[in-house]
Amino acid sequence: MSELWTVQHSYLIPLLPLIGAAIAGFFGARWLRGGSHWPIWLGVGASAVLSIVLLLQTVALLGQGSHAGTDPAHPPLGAANPSVSAPVKLFTWIAAGDPSKAGTNQYFVADAAFFFDPLTVTMLCVVCGIGFLICVFAAGYMRGEEGYWRFFAYLGLFIFMMCCLVMGDNLIMLYLGWEGVGLCSYLLIGYYYQKPSARDAAKKAFLVNRIGDFGFGVGIMLAFAAFGTVSYFGADGYGGTNGLLEAAAHPETLSEFQRQVLWWLPFLLMLGAFGKSAQFPLYVWLPDAMEGPTPVSALIHAATMVTAGVYMIARCGTLFVGNDAALMTVAFIGSFTALLAASIALRQFDLKKVFAYSTISQLGFMFVGVGVLAPVAGVFHLVTHAFFKALLFLSSGVVMHAMLGHLDMRQMSGLKAVLPKTRWLMLIGCLALAGVVPFAGFWSKDEIVAAAWHASPLLGAVMLLTALLTAYYTFRLYFRVFEGPRVVPDTPHPDHHGSHEHGDSSGGAGSGHGGHHSHEPAIMILPLVFLAIGSVIAGVVLWQGHRLGHFLGHSPSFVTAGELATATFNPKAADEHHLVNPLGFGLHDTRPAELQQAEQRSHYVFMLLSTVIALAGIAVAYTLHLRDRPKADRLALRLSGIARAIENKYWVDELYQASIVEPLRRLGQAFYAMDRFVVDGLVWLAGFIPQLGGFILKLTTQRGYLQGYALSMVLGVAVILFVVFL
Amino acid sequence: MSVLAAASEVAWTAGSPLRGFVIVLLCALAAIGTVWALPGRRDPGWRVFGGTLLLVAGGILAALLTRWALASSGQKPGLSYVYFWVFAAVALAGSVRVITHPKPVYSALYFVLTTVATAGLFLLMWAEFMAAALVLIYAGAIVVTYVFVIMLAAEASGSDGGSGASAGLPDHDACARAPRLAPIVGFLTLGLLLFLIFERPPAALSKNPWGTASDGIATGHTQQLGVFLFRYHFVNIQLAGLLLTLAMIGAIMIARKRIVQSESSSRQVALAESPYDVEIPVVLGPPPKIEDNPHTIPVVGTMNPRQKAYPEN
Amino acid sequence: MTSTLDQVGLQHYLAVGAIMFAIGLIGFISRRNLILMFLCTELMFQGVVINLVAFGGFVGFFAGLAFTIFVVVLAGAVASLAVGLIVLLFRHKATLDADAWRELRG
């Protein structure tokens, strides 16, 4: 894979958005102004093109490999799974310790290096491709906003950091990107920093993420202490034993300490993933993060950044699959979060809040996927979710744009007349999210549900219930907003930003409308069309013949994880139905043929079942929110206790406030008092005593007599003589 | 001589000629003597008494050192030993008079005496070039300059300048300041130095305390000294010459500055508080302007019409 | 003539130098005449010079003497500048009293 020119010039992929961000950041305020999106468009667009070329080249390479039997550079490990990967070292970033002890924890080295494999390529296409579409949309959406250049500079920086995250060859690079996207998220949530709620939300996101990142950081340190490396597969790429994942893949060669560490490591990494991907109990920041501009919600808080946790677990799957406690934790936390968030979404009235909880819920699905030994399904859902959730967020952005900042679905209705294009786009997104055949969400969700059922029927049932709720709340929103009698709020929302109505276009591409204001400018609709196409076809295209699975199965991460999982769990399996499904890792299925066929049949049953469930949810939503809306209110009145609990998000925020924030605040106040009176007092005293002494000496000895100074000097000399020589 | 002989028979057990307490006692005695001997508003008898105390202290020191030298070498004193004590006594007595005499001119002359006696000490150490240089530079150049300045800066005499030698002198000459603290601090330092010299001699010193001045080198050979200087300290010699030149230029520049005292009438002369029960005249008001442009300062005795003589003031 | 004590010990000279230095010090602190103060500095210089010459002679190295020369040169430079300064100060206040210059009092 390293012979590909895109891999050899892969530094361009993160660099171009960074350059764009630098140009927008340094020259935007003064010179570019309304044209600040151009450097970002060019940079991210070029990266997107490079990523897609890389994807095509990798696919072509795999085709050659399967024809030739083996990839000459990388001999096969699995029967039919030659892994395809390439490490690209740019420079040594950090090196500390004794170089002669390389490979032990006496020598720390973190290269600025990339690691390319199908997983990286997939993620890159999501990040850069969808990122580019959202950047295009943002130019229309943000037109005329104050700090336009700042927004685009942050976006470029975000894409750079996200590329570092997914391309990194080691955990330190991953951590760099991880913290970098966290920073960008903070900056962009707090984009409207004049608004106190935006500031608070930004701080909340930052602080909650710190809790997770603390665990992640400790995990990285522990991994280095035990294995002497932080690189996934070592500097020489996959094939040796000097990488972290390669070492973990052979548990029989590990020392007792390393085994202990290996047991704890997934839990620490998981903490970081839960923080970044907004899983229980660290999910509370994501709904508040909707204070940011809508393209940010789409890009960072739906499509890319929040999926970093899923990516991390998929990438480090080898560390997880040997530890069923960790896997079970991931799966159950994921399913619990999915159900919890979906139930909260039932009674939210803010469009973006609904989608925020939906995102949390869908991320829960992905965690279930990686937790039940089906990371392919998790990544599959990640990809399709990126399409349709970005579509949904951006569509609600169009709604918000047209409704002058209003997002409350109680204040609007029947918008299909006002926003005809958006209505169709939103419908596609909703169908995909609800999991209606043949839209993208259906295929990926179904894979996860099937894998969850295979692992534990309880898990599968929870997933199906969540799918029902998902379909309901999605179409509740759709029917409320786009169908029914036309109600349009006529006064702008007090928080409404920007000056979209002013026709004095500052040079954006969508400025052709001149004086009259269009609700659906082409610059905003066009990216949505692409996302909608993706939401329709991505699922079936990637699902058909396990296309994505076989592609990802060539990733060393998946190969090692799959082999380790097989080696760990198969000897313990009660019967052949409990064997590990290699397809979950995209590997060649070596199980008996009749078993495969039975599984295939049960899979089809699941497809049918989840279609029925999705349609049922839609039907309920239709009944309650289109045909007979007062009935929904009556129902809510009858179940007022539950409705209130849900509306208040189960008082989780209040609980955190009371149990964590307030005690910490008290502690802080106590420390402040201590600092103010004890420490400051000492410091003040330390300053006051010389002052007092100086005052006294000034009045007594410093009388201005020349010889007085000589006298004290001689006295000093005498003292020095005494001290030194006697 | 019998005293000396008796002293030499005493076994001098320790190598130290002066015990710590002896040093303390001698310094205390000398300090008291100095306090009384310094110029002040006392009866002249006190000053004589103070001088006597100083003499006694010096004598005791000389006797102790002599006894130690005789005891540890076991020999009779030679002529140069006697010369040493004569020169040392003259030098030290002269320096005491420098600081105790109320009249600056006499102090300067006593300083000449001290310098000459010191030159004698140098001769004893076979450093005849240094002796000559000392007399030339100090006695010849520096002191003469000071005496000139003393003569030029003739001051109005104080009205109650004391009695005896200090009668008719300005107050700052007639009265020393800090007359008690200064001797205490000075003799504290001296005590420490003597203790270092005699009780804690450096290793090189105690190894060969009787190494003679003529042992190591023929110190007196001025020619060799010159060769040494110009071979090993050539640049330093040049630098020393440069320093002297610069100092000369600087002194001229400083002394040429002209004080413009146009509004001397507006500046009051106040009487500052003084710890000596006398009133020190202190000129208050804005500081006088300093005219230090060398091209506008007139120089006496020139034919240049742009330059005028100092105005008489 | 080994039977007579013809040479004087190094410590004798050091003692004389120290005493002269101390006397100069006392004079510098206690006398109030500016000229006398500088005379006392010269006295201290002389004490140091005795020290240096004695060490040079007894330890047996010309460096002591060479250093003496530099000290004497320095003393000369100091003296010339001091005299200039004294003249300037005298012109300011028409007195040689050091206590007249008390602008630095606290």
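## A walk through a three-chain model

His250(A) sits in the loop that links helix H8 (244-248) to helix H9 (256-276) of chain A. Helices here are DSSP runs of H or I with at least four residues, strands are runs of E with at least two, and both are numbered from the N terminus. With 14 C-beta neighbours inside 10 Å, His250(A) counts as partly exposed. For that label, a residue is buried if 20 or more other C-beta atoms lie within 10 Å of its own, exposed if 12 or fewer, and partly exposed in between, with C-beta atoms placed from the backbone. The C-alpha atoms of His250(A) and Leu564(A) are separated by 7.7 Å, although the two are 314 residues apart along the chain.

A word on the ground rules: this is a predicted model, in which local features need pLDDT of at least 70 and side-chain atom pairs count only at pLDDT 80 or more, while totals for chains, interfaces and linings use all residues. Residues are numbered from 1 along each chain as its sequence is written, and chains are lettered from A and ligands numbered from 1 in the order in which they are written.

### Chains A and B

Chain A has 27 helices and two strands. Of its 726 residues, 52% count as buried. Among contacts in chain A with a separation of 6 or more, 78% join residues 24 or more positions apart; a contact means that two C-beta atoms, placed from the backbone, lie within 7 Å.

Chain B holds 12 helices and five strands. Buried residues make up 33% of its 313 residues. Of the contacts in chain B with a separation of 6 or more, 59% come from residues 24 or more positions apart.

### Two partners of helix H4 in chain A

Two packed helices are described by the angle between their axes and the distance between the axes. Axes are lines fitted to C-alpha atoms, for helices over the stretch in contact, and angles run from 0 to 180 degrees between N-to-C directions.

| Pair | Axes come within | Crossing angle |
|---|---|---|
| H4(A) and H11(A) (residues 294-303) | 9 Å | roughly 165° |
| H4(A) and H20(A) (residues 522-543) | 7 Å | roughly 155° |

H4(A) and H11(A) are therefore roughly antiparallel to each other, a label for angles over 145 degrees. The crossing angle likewise makes H4(A) roughly antiparallel to H20(A).

What is the handedness of the crossing of H4(A) and H20(A)? That crossing is left-handed, whereas H4(A) passes H11(A) in a right-handed crossing. A crossing is left-handed if the near helix is turned anticlockwise from the far one by less than a right angle, and right-handed if clockwise.

On the H11(A) side, the contact includes Val126(A), Ile130(A) and Gly131(A) of H4(A), together with Thr294(A), Pro295(A) and Ala298(A) of H11(A), among others. By class, this contact has 10 nonpolar, two polar and no charged residues. Ala, Val, Leu, Ile, Met, Phe, Trp, Tyr, Cys and Pro count as nonpolar, Asp, Glu, Lys and Arg as charged, and the others, Gly among them, as polar.

The contact with H20(A) includes Leu133(A), Val136(A) and Gly140(A) of H4(A), and Met524(A), Pro527(A) and Phe530(A) of H20(A). Its classes come to 11 nonpolar, one polar and no charged residues.

### Nonpolar cores

A nonpolar core is a set of buried Ala, Val, Leu, Ile, Met, Phe, Trp, Tyr and Cys residues joined through C-beta atoms within 7 Å. The largest has 234 residues, of which Ala390(A) and Leu391(A) touch the most other members. Helix H5 (residues 148-167) of chain A gives the most to this core, with 18 residues. Beyond its neighbours within four places in sequence, Leu391(A) is in contact with residues including Leu425(A), Ile428(A), Leu528(A) and Leu531(A). Another core, of 111 residues, lies apart from the largest one and has among its members Ile23(B), Tyr81(B), Phe129(B) and Leu36(C).

### Ser396 of chain A

Ser396(A) belongs to helix H16 (residues 375-402) of chain A. Is Ser396(A) buried or exposed? Ser396(A) is buried, with 27 other C-beta atoms within 10 Å. Setting aside neighbours within four places in sequence, Ser396(A) is in contact with Thr294(A), Leu351(A), Lys352(A) and Phe355(A).

### Where the chains meet

In chain B, 94 residues are in contact with 70 residues of chain C. Helix H8 (residues 181-198) of chain B gives the most to the side of chain B that touches chain C, with 11 residues. That side of chain B divides into 67 nonpolar, 21 polar and six charged residues.

Definitions and conventions
Angles under 35 degrees count as roughly parallel, over 145 as roughly antiparallel, 65 to 115 as roughly perpendicular and the rest as oblique.
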